[in-house]
Amino acid sequence: AGPTWKQQVLARGWGYALFYPTTLQADNGAGLTQGIIGLANHGQPRKLDDWGCLRAWAWGTSRLMDYFETDKDVDVHHVALEGHSRFGKTALVAMAYDPRFAVAYINSSGAGGATLARRHFGEQQENSAGVGAYHWFAGNYLRYAEQAPKVITPADLPVDMHEMIALCAPRPVFIGGGTREGGDGWADVRGTFMAEVAAGPVYKLLGARDLGTTEFPPVGTALITGDLGFRQHPGGHTSLPDFPTFLTFASRYMGTPAPRPSSPGN
């Protein structure tokens, strides 16, 4: 009920653009010799350290930013980024790699996104390496789901996803998700909260503010006084319930749009 996210954005005097990542790279393993990955690999199979779809989609997001820099109607110093589920993973990668994005909303991103890989809950590394998702990641990342007789697990990872969040610092990041009871347990919103807490010291080191607490908040509680934000909405696998909270969070960084000059003759 209520206005759509687009209407909410426009009501603040902001604009929006939609990027469809699958127009750049197909969301399946069969397309890995095609799209931008296939172009970069000259149509050959990937090597272990070649990018997966998440990095390719994030690369495409940066190319969209390149275009914005040529458009006088876009304030390129105040561009926010939002993604949900697999595209929440993508938005986090894009935010970490491209410092031009001012603020990000990462929602229900699960394994390979903002939740801790070494936490045994919800979507797991083994799921990421499965037939439906392996194309999202580089082969070297998938190695941490190897099974017997050679067992390498997420516990052997030299890093975890809180460090991906920390790569965004000191720029503001808001992370949301639904409840397990509402149908979003797979995305493990508690694990994303734990990752944000663990990224907090890097934000503080760079003069920004962390979440302000290490205690997992009740459902519906908005933590948006710092440069890391968080809210768990009482629903399922959707980003829509937390959009108003994200827009309030982002408004501290987006600034007031400058008035447009009058056209000649007005």
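**Conventions.** I worked from a predicted model in which local features need pLDDT of at least 70 and side-chain atom pairs count only at pLDDT 80 or more, while totals for chains, interfaces and linings use all residues. Residues are numbered from 1 along each chain as its sequence is written, and side-chain values use heavy atoms, with hydrogens and water left out.

**Entry 1: surface patch.** I looked up a nonpolar surface patch and found one of about 420 Å², made by Leu10, Tyr16, Leu18 and Tyr20. Patches are made of residues with over 30% relative accessible area and no salt bridge; nonpolar side chains (Val, Leu, Ile, Met, Phe, Trp, Tyr) are joined within 5 Å, like charges within 9 Å. Accessible areas come from the Shrake-Rupley method with a 1.4 Å probe, and for residues only the protein chains shown count as cover. I placed Tyr20 in the loop between helix H1 (5-11) and helix H2 (35-40). Helices (H or I, at least four residues) and strands (E, at least two) are DSSP runs, numbered from the N terminus. Tyr20 is exposed at 53% relative accessible area; exposed means over 50%, buried under 20%, and partly exposed in between (1.4 Å probe, protein chains only).

**Entry 2: helix H9.** I checked the length of H9 (residues 189-205): its 17 residues should span 24 Å at 1.5 Å a residue, and the end C-alpha atoms, 25 Å apart, agree with this. The expected span is 1.5 Å times one less than the number of residues. I then noted a bend of about 35° at Ala199, with Pro201 following within four residues. The bend is the angle between axes fitted to the seven residues ending at a residue and the seven starting there. Buried residues of H9 include Phe193, Glu196, Ala199 and Tyr203. The buried residues of this helix pack against helix H7 (161-166), strand E3 (173-178) and strand E4 (228-233), contact meaning heavy atoms within 4.5 Å. Just after H9, Gly207 takes a positive phi of about 85°.

**Entry 3: salt bridges.** I took a salt bridge as a side-chain nitrogen of Lys or Arg within 4 Å of a carboxyl oxygen of Asp or Glu. By this rule the count is 13.

I looked up Arg63 and Asp66, whose closest N and O atoms are 2.6 Å apart in a salt bridge. The two are three residues apart in helix H3 (residues 53-68), so about one helical turn separates them. Arg63 is partly exposed at 32%, as is Asp66 at 29%. Both belong to a network of salt bridges that links Arg63, Asp66, Glu69, Asp98 and Arg100.

Lys72 and Asp73 meet in a salt bridge at 3.6 Å, N to O. I recorded Lys72 as exposed at 76% and Asp73 as partly exposed at 45%.

**Entry 4: Lys89 and Glu123.** I found a salt bridge between these residues, with the closest N and O atoms 3.2 Å apart. Lys89 lies in helix H4 (residues 86-97) and Glu123 in the loop between strand E2 (103-107) and helix H5 (125-128), so the pair ties together parts 34 residues apart in sequence. Lys89 is buried at 2% relative accessibility, and Glu123 is buried at 11%. Leaving aside residues up to four places away in sequence, I listed what Glu123 touches: Lys89, Ser109, Gly110, Ala111, Trp136 and Trp186. Glu123 and Gly185 are 62 residues apart in sequence and 8.5 Å apart in space, C-alpha to C-alpha.
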